[in-house]
Amino acid sequence: MKVMARLRALSRELGDLVLPLTCAGCGEYGVDLCDNCWLQWQVGAMRAEDQVPAFGSQSRLPLWAAATYDAAVRQAIVGIKDRGRGDVLNLISGAALRLAERLGPAVREALARGHPRLGIVPVPPRTPAWLGRREVELPTYLAERMAQFLRPHAVRCEVAPVLRHHRWTRDQVGLGRAARLQNRSGTMRLRSRATELSGKPLLVVDDVATTGATMREAVRELTRAGGVVIGAAVIAVTPLRNPAA
């Protein structure tokens with residue numbers, strides 16, 4: 001037993017030499033998320049459509065965000081998406097809980113209008129699975145966690161992955177508002193086996209909202225199919241630093 005314990009300890013030490021544990025927010029050594037970075041995630045879910053020009057001004061739908069895409073929050077999300085930091089996925093679960101608590105009344109109001117079940121629609125991955133899609137798709141992960149937290153509160157809901165990307169688009173990083181809108185225009189279609197959406201209340205879910213171009217396309221396609229989009233939710237929203245950009 002002592003030999004096995006020593007071998008396990010040695011394995012951990014070797015692993016730390018190869019890939020040392022660092023804070024997903026600031027890079028501090030020896031911890032997956034330090035106290036200061038953890039605090040940046042502990043804000044209440046907020047209405048954020050005014051921060052997302054292409055979504056809030058065009059669709060006039062509510063947008064809920066669990067955090068601001070800046071500093072430690074940004075680094076943690078990038079770490080999960082691009083560096084496989086699955087050890088900090090509990091942050092997204094906490095974000096989903098805050099979102100579910102905040103938008104619960106709006107969901108119950110929408111369901112009271114007639115349809116018995118809410119569809120939570122994750123924005124589809126931009127890269128097809130056969131091209132090496134990332135292991136963690138945050139919109140789907142967030143949608144699943146939100147459904148989990150809403151169900152105990154008498155909200156009938158289901159994750160509805162009914163959208164797909166119709167054509168390839170370049171990454172939005174570095175693009176201005178007009179270029180983002182053009183890049184995402186006409187990109188989404190319903191999956192061939194999508195469930196009946198006519199009259200069904202829907203909530204669009206994505207990981208980060210900047211201009212809202214991606215969500216606007218999702219809303220457009222869902223509405224075209226007869227769905228009733230009640231709003232959108234994201235893990236984080238990018239601060240609107242330059243409204244004229």
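Visitor: In which hand does α5 cross α6?
Guide: This is a predicted model. In it, the two helices to look at are α5, residues 90-111, and α6, residues 138-150. Where α5 passes α6, the crossing is right-handed.

Visitor: Is α5 oblique or roughly perpendicular to α6?
Guide: The axes of α5 and α6 lie 8 Å apart. The helices pack at an angle of about 55°. Roughly perpendicular would need 65 to 115 degrees. The angle therefore makes α5, relative to α6, oblique.

Visitor: Which residues of α6 make the contact with α5?
Guide: Start on the α5 side. It supplies Ile92, Ser93, Ala96, Leu97, Leu99, Ala100, Leu103 and Gly104. Facing them, α6 contributes Leu138, Tyr141, Leu142, Arg145, Met146, Phe149 and Leu150.

Visitor: How many residues of strand β7 are buried?
Guide: Strand β7 spans residues 201-209. Buried means under 20% relative accessible area. The strand is mostly covered, and its buried residues number nine of nine.

Visitor: What is the bridge partner of Gly119 in β7?
Guide: Strand β3 covers residues 118-122. It runs parallel to β7, and four bridges join the two. In β7, Gly119 is partnered by Leu202.

Visitor: Which residue of β8 is the bridge partner of Pro201?
Guide: β7 also pairs with strand β8, residues 228-237. These two run parallel and share eight bridges. For Pro201, the partner in β8 is Val228.

Visitor: Is Asp35 buried or exposed?
Guide: Asp35 sits in helix α2, residues 35-40. Its relative accessible area is 62%. The cut-off for exposed is over 50%. Asp35 is therefore exposed.

Visitor: How far apart in space are Asp35 and Cys23?
Guide: In sequence, Asp35 and Cys23 are 12 residues apart. The spatial distance is taken C-alpha to C-alpha. It comes to 9.6 Å.

Visitor: What share of the protein's residues count as buried?
Guide: The protein has eight helices and eight strands. Its residues number 245. The share that counts as buried is 45%.

Visitor: What percentage of contacts with a separation of 6 or more comes from residues 24 or more positions apart?
Guide: Contact means heavy atoms within 4.5 Å. Consider the contacts in the protein with a separation of 6 or more. Of these, residues 24 or more positions apart account for 74%.

Methods: Residues numbered from 1 in each chain as written. Predicted model: local features only at pLDDT ≥ 70, side-chain atom pairs only at ≥ 80, totals over all residues. Heavy atoms only, no water. Axes fitted to C-alpha atoms, helices over the stretch in contact; angles between N-to-C directions. Parallel < 35°, antiparallel > 145°, perpendicular 65-115°, else oblique. Left-handed = near helix turned anticlockwise from the far one by under 90°. Buried < 20%, exposed > 50% of the residue type's maximum accessible area, 1.4 Å probe, protein only. Pairing = 2+ DSSP bridges.
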